[in-house]
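I opened my notebook to look up a few things in this structure. Here is what I wrote down, entry by entry.

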Amino acid sequence: MFVIDEQFSLIEPGLQCCGIDFTPSADCKSKTFIELNGAADNATSPLVSKMIQAMVDAQQADIPVIFNRTNQGIDDSNLPTGFAIGLLTSGTTGQPKLVFHRLNKLMPKNANNTEKVASRWLLCYHPMSFAGLQVILQAIVSKDTLIADVDANLQRKSELAIKHSVNAISATPSMMRALLMSWHTKSPPLAVITLGGEIADQRTLDAIKLQCPRAKVRHIYATTEAGVIFSVKDGLAGFPRTWLKQEFNGWQLRATHTLQLNRRNESIDTGDCITLTDDRVLFTGREDSLVNVGGVKVNLETLEQKIIALVGIIDARVYAKANPITGALICVELCAEDQQIAKEALKELAEQLEPAARPRIITFSEQISLSATGKKQRLIQ
């Protein structure tokens, strides 16, 4: 059970409220579940405050609450009993699926840290995503301040962070690289940075350390189906190889060519490809990011990491386009400090790649295109 303390504060466009503003509504007693739609409910008033009120009401009535981010049809014939929170999966590999979570699975583990300093969180994710809901709950149970603007783009969010002196943030590595570029002249006083949703590569971790030297950085490994599995705080990409012998939140890690999660009679193939070094397990990309180019399989994320490591390139998005002859072509969107230097570096790299992996279409942009979940879209377009 969660209780909203009066010290919790929420700032949304046209709204500023605190914990005492959220009390159970009386009109939920006859309902079997509560559902909020991402677009429809956000259009009439700030969405995060509605979500918090819905959780308070659902908990009081002991019924499920569904946060329907993409407004898809919901089958309400097989709902769980009691209070549970339904979220849609990201849909990376297909139609988003509705998955219900009990509150104890979603609650942050550091809520009782008496030594913590009050934080001002910026909500970067969509609030109806797994990662977004975790930020909301973190701010609630820690009695912190949450700044949210669901419709804001990353440039606007970077401005909100400075305006409100945000000192805690949770984002994908792609989001974080874009925010760092926006803060090249002035950064908010970040003390806590949490990365998740994508591979936290070493170059991104080093860039954060350089620009936000006082911040504690961790990257979280989680799935919508299993919840948070572990977090890495040593500033290095991947995770220690010794963790393969340990259990995290009830899940035993196992390495094949992908990371496997095992718990009693339950097994999940995460689809996250890994490689082992002497002391680390490194993520190399999603299994479904493999694209067939003329009979040769190309790992888009592995190629992307090689490109991001080149001199003069700030960020990159490698994706595939359909082609009637080879099946697909490799394309790259670049964000570079100097386009000419970036072109030369990319040309030099391409000469070392097998022909199927060489980028055939190259474009430059000021900010890499991201999906609604803050991730790069790579599959065939």
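**Entry 1: helix 2**

Helices (H or I, at least four residues) and strands (E, at least two) are DSSP runs, numbered from the N terminus. I noted that this is a predicted model, in which local features need pLDDT of at least 70 and side-chain atom pairs count only at pLDDT 80 or more, while totals for chains, interfaces and linings use all residues. Residues are numbered from 1 along each chain as its sequence is written, and side-chain values use heavy atoms, with hydrogens and water left out.

Then I looked at helix 2 itself, residues 47–61. Its 15 residues reach 21 Å from the first C-alpha to the last, close to the 21 Å expected at 1.5 Å a residue. The expected span is 1.5 Å times one less than the number of residues.

Is helix 2 enclosed, or out in the open? I found that 12 of its 15 residues are buried, so the rest of the structure largely encloses it. Buried means under 20% relative accessible area, exposed over 50%, and partly exposed in between (1.4 Å probe, protein chains only). Among the buried ones are V48, I52 and M55.

**Entry 2: nonpolar cores**

Next I looked up the cores. A nonpolar core is a set of buried Ala, Val, Leu, Ile, Met, Phe, Trp, Tyr and Cys residues joined through side-chain atoms within 4.5 Å. Which members of the largest core touch the most others? Of its 40 residues, they are I52, M55, F67, I85 and L146. Helix 2 is one of the elements that each supply at least two residues of this core, and strand 4 (65–68) and helix 4 (130–141) are also among them.

I followed L146 and listed its contacts (heavy atoms within 4.5 Å). Leaving aside residues up to four places away in sequence, L146 touches F8, S9, L10, I11, V48, W121, L123, V135, I136 and A139. Apart from this core lies another, of 26 residues, including C124, I169, W183 and L190. My reminder to myself: in soluble globular proteins, nonpolar side chains tend to be buried together.

**Entry 3: aromatic rings**

I counted 8 aromatic pairs in the structure. Rings of Phe, Tyr and Trp (its six-membered ring) pair if their centres lie within 6.5 Å; planes under 30 degrees apart count as stacked, over 60 as edge-to-face and the rest as tilted. F239 and F283 make a tilted pair, 5.8 Å centre to centre with 50° between the planes. F239 lies in strand 13 (residues 239–240) and F283 in strand 18 (residues 280–286), so this pair ties together parts 44 residues apart in sequence. F239 is buried at 0% relative accessible area, and F283 counts as buried at 16%.

W243 and F248 are tilted too, at 5.1 Å centre to centre and 45° between the planes. I wrote down one aromatic cluster made of Y221, F230, F239, W243, F248 and F283.

**Entry 4: charges**

How many salt bridges does the structure hold? There are 10, each a side-chain nitrogen of Lys or Arg within 4 Å of a carboxyl oxygen of Asp or Glu. D272 bridges to R286, with the closest N and O atoms 3.1 Å apart. D272 lies in strand 17 (residues 266–276) and R286 in strand 18, so the pair ties together parts 14 residues apart in sequence. D272 is buried at 14%, whereas R286 is partly exposed at 22%.

E333 bridges to R317 at 2.8 Å between the closest N and O atoms, and both residues are buried. R317 also lies over the face of Y319, 4.2 Å from the ring centre. A charge sits over a ring if NZ of Lys or CZ of Arg is within 6 Å of the ring centre and within 35 degrees of the ring normal.

**Entry 5: two loop residues**

Most residues other than glycine have a negative phi. S165 has a positive phi, near 50°, in the loop between helix 5 (154–163) and strand 9 (168–171). R264 also has a positive phi, near 50°, in the loop between strand 16 (258–263) and strand 17. Are they buried or exposed? S165 is partly exposed at 31%, and R264 is exposed at 77%.
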